[in-house]
Amino acid sequence: MKTLTGNKQNLDIVNSWGYIWFLTLNIVFCLWLLLGNLLNAVNFIYSDTLNALCLVTVCFSLIGLLLRYAIKREQIARMLPVQVLILGLLWAGLFFLMVKHYNTPALSLSLLIIILLPATISFYISGRLLLLFSAPIAGSMLLSELAAFEKFHFLQISGSIIIFLVVITARYILLEWYLRTQKSEYAKNMLIKKLTRLAHRDALTGLFNKGSLAPHFADNTRLIALSGDKLFMIIMDIDFFKQYNDLYGHVAGDTCLVSAAQCITHSLRQSSDTAFRFGGEEFVILTRCHQLEDAVNIAERIRKSIAAANIPHKGSQISAYLTASFGVAPWRERDSLEALAEKADKELYKAKQAGRNRVSFAR
């Protein structure tokens, strides 16, 4: 399964609680530093520059939170790389000043973990964003550590390297979990679609099954009330199908039904016609048309398509090839599905009585 594209990654991050959490932690941590400096707390060294950077970071993070609810998420997703880079640069400045003033390896490493942890959790699905945020901080930590101590401090440098290696590996572990979840979700959705199809489709022909007729009928009656069209039912029956099965066998009979279903499908309009396998060799079509002649023309197209398929049928009493008979009936207001099917079935009976391979319709 392919990973997400950059725009989709950014949008997913903006829509997540992790993004809000990350911005909130930026605000909380900077306010904590600012308060400690203003109160001259123990181990806090007052710095106007550090205070200014803290205020800018708080304001910038607040703007990010407010924009999430003020403008479209797609627009925020496009601005996200710039926002993340600016936050990374601000934190790079903060770390440089903190290491320079505090001159304490343990404190600077602790602060580094505190800010990189939420960044890794929030941006793990986008290596680009994580790099934009952490690269300025990594450069700042290296420069500050080299500048702050009188001699090269191996433990401080190696500690920073270990932290960044942990960030990189943690990102790939989280990404692996994410992709596994995505694959599992994809497989679940595909299974649901397959089960839904099996529940509503005929396994042999791929047409809708008998159980799907009632909900489609209800949908069509609502649609014609809005469009002004009329609803018609076409019932189709393959002529002498029992004889076909007896002569050619049930496997060939199934192939014949599939071919007939294909003829039906190719003859229908996509938006307003729906075909169902009603049972055995009987098929039903619901169609929304302006007038009766349009529905009759659809039935005729199917009839001619089946005849043109030239499927041999030596058991037929009317043709050397497979044929079908049709009954067409209009739906009247307050007609139930059963009443409409009964009218169409009567027309089908008339078509058979008249010699088969024809369309009979009721006005």
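These exercises cover helix packing and pockets in a predicted model.

**Exercise 1. The pair α2 and α3**

Task: Classify the packing of helix α2 (residues 17-38) against helix α3 (residues 48-70), and state which hand the crossing has.

Solution: 
- Step 1. Take the geometry. The two helices pack at an angle of about 155 degrees, and their axes lie 9 Å apart.
- Step 2. Apply the cut-off. Angles over 145 degrees count as roughly antiparallel. Therefore α2 is roughly antiparallel to α3.
- Step 3. Assign the hand. The crossing of α2 and α3 is left-handed.
- Step 4. List partners. On the α2 side the contact includes Tyr19, Ile20, Leu23, Ile27, Leu31 and Leu34. On the α3 side it includes Leu50, Cys54, Leu55, Val58, Leu62 and Leu65. Arg68 and Tyr69 of α3 also belong to the contact.
- Step 5. Sort by class. The contact of α2 with α3 holds 16 nonpolar, seven polar and one charged residues.

**Exercise 2. The pair α9 and α10**

Task: Decide how helix α9 (residues 241-248) is oriented to α10, and name the residues that meet.

Solution: 
- Step 1. Take the geometry. The axes of α9 and α10 come within 7 Å and cross at roughly 135 degrees.
- Step 2. Classify. That angle makes α9 oblique to α10.
- Step 3. Name the residues. α9 contributes Phe241, Tyr244, Asn245 and Tyr248. These meet His250, Ala252, Gly253, Cys256 and Leu257 of α10.
- Step 4. Sort by class. Six residues of the α9 and α10 contact are nonpolar, three are polar and none is charged.

**Exercise 3. The pair α10 and α11**

Task: Describe how helix α10 (residues 250-267) packs on helix α11 (residues 292-308).

Solution: 
- Step 1. Take the geometry. The packing angle is about 140 degrees, with the axes 9 Å apart.
- Step 2. Classify. This makes α10 oblique to α11.
- Step 3. Assign the hand. α10 and α11 cross in a right-handed sense.
- Step 4. Name the residues. Cys263, Ile264 and Ser267 of α10 meet Arg301, Ile302, Ser305 and Ile306 of α11.
- Step 5. Sort by class. The contact of α10 with α11 has four nonpolar, two polar and one charged residues.

**Exercise 4. The largest pocket**

Solution: 
- Step 1. Find the centre. The lining has 17 residues, and Leu268, Gln270, Asp273, Thr274 and Ala275 lie nearest the centre.
- Step 2. Assign elements. α8 (213-227) and β2 (273-279) each give two or more residues to this lining. α8 gives the most, with four residues.
- Step 3. Sort by class. The lining of the largest pocket has five nonpolar, seven polar and five charged residues.

**Exercise 5. The second largest pocket**

Task: Which residues line the second largest pocket, and which element supplies the largest share?

Solution: 
- Step 1. Give the volume. The second largest pocket has a volume of about 160 Å³.
- Step 2. List the lining. Gly127, Leu130, Leu131, Ser134, Phe164, Val167, Ile168, Arg171 and Tyr172 line this pocket.
- Step 3. Assign elements. α6 (127-148) and α7 (154-200) each give two or more residues to the lining. The largest share, five residues, comes from α7.
- Step 4. Sort by class. The lining of the second largest pocket has six nonpolar, two polar and one charged residues.

How values were computed
Residues numbered from 1 in each chain as written. Predicted model: local features only at pLDDT ≥ 70, side-chain atom pairs only at ≥ 80, totals over all residues. Heavy atoms only, no water. Axes fitted to C-alpha atoms, helices over the stretch in contact; angles between N-to-C directions. Parallel < 35°, antiparallel > 145°, perpendicular 65-115°, else oblique. Left-handed = near helix turned anticlockwise from the far one by under 90°. Contact = heavy atoms within 4.5 Å. Nonpolar A, V, L, I, M, F, W, Y, C, P; charged D, E, K, R; others polar. 1 Å grid on protein atoms, 1.4 Å probe; cavity = no way out; pocket = protein on both sides within 12 Å on 5 of 7 lines; lining within 4 Å. Points joined across faces, edges and corners; volume = space filled by probe spheres on them.
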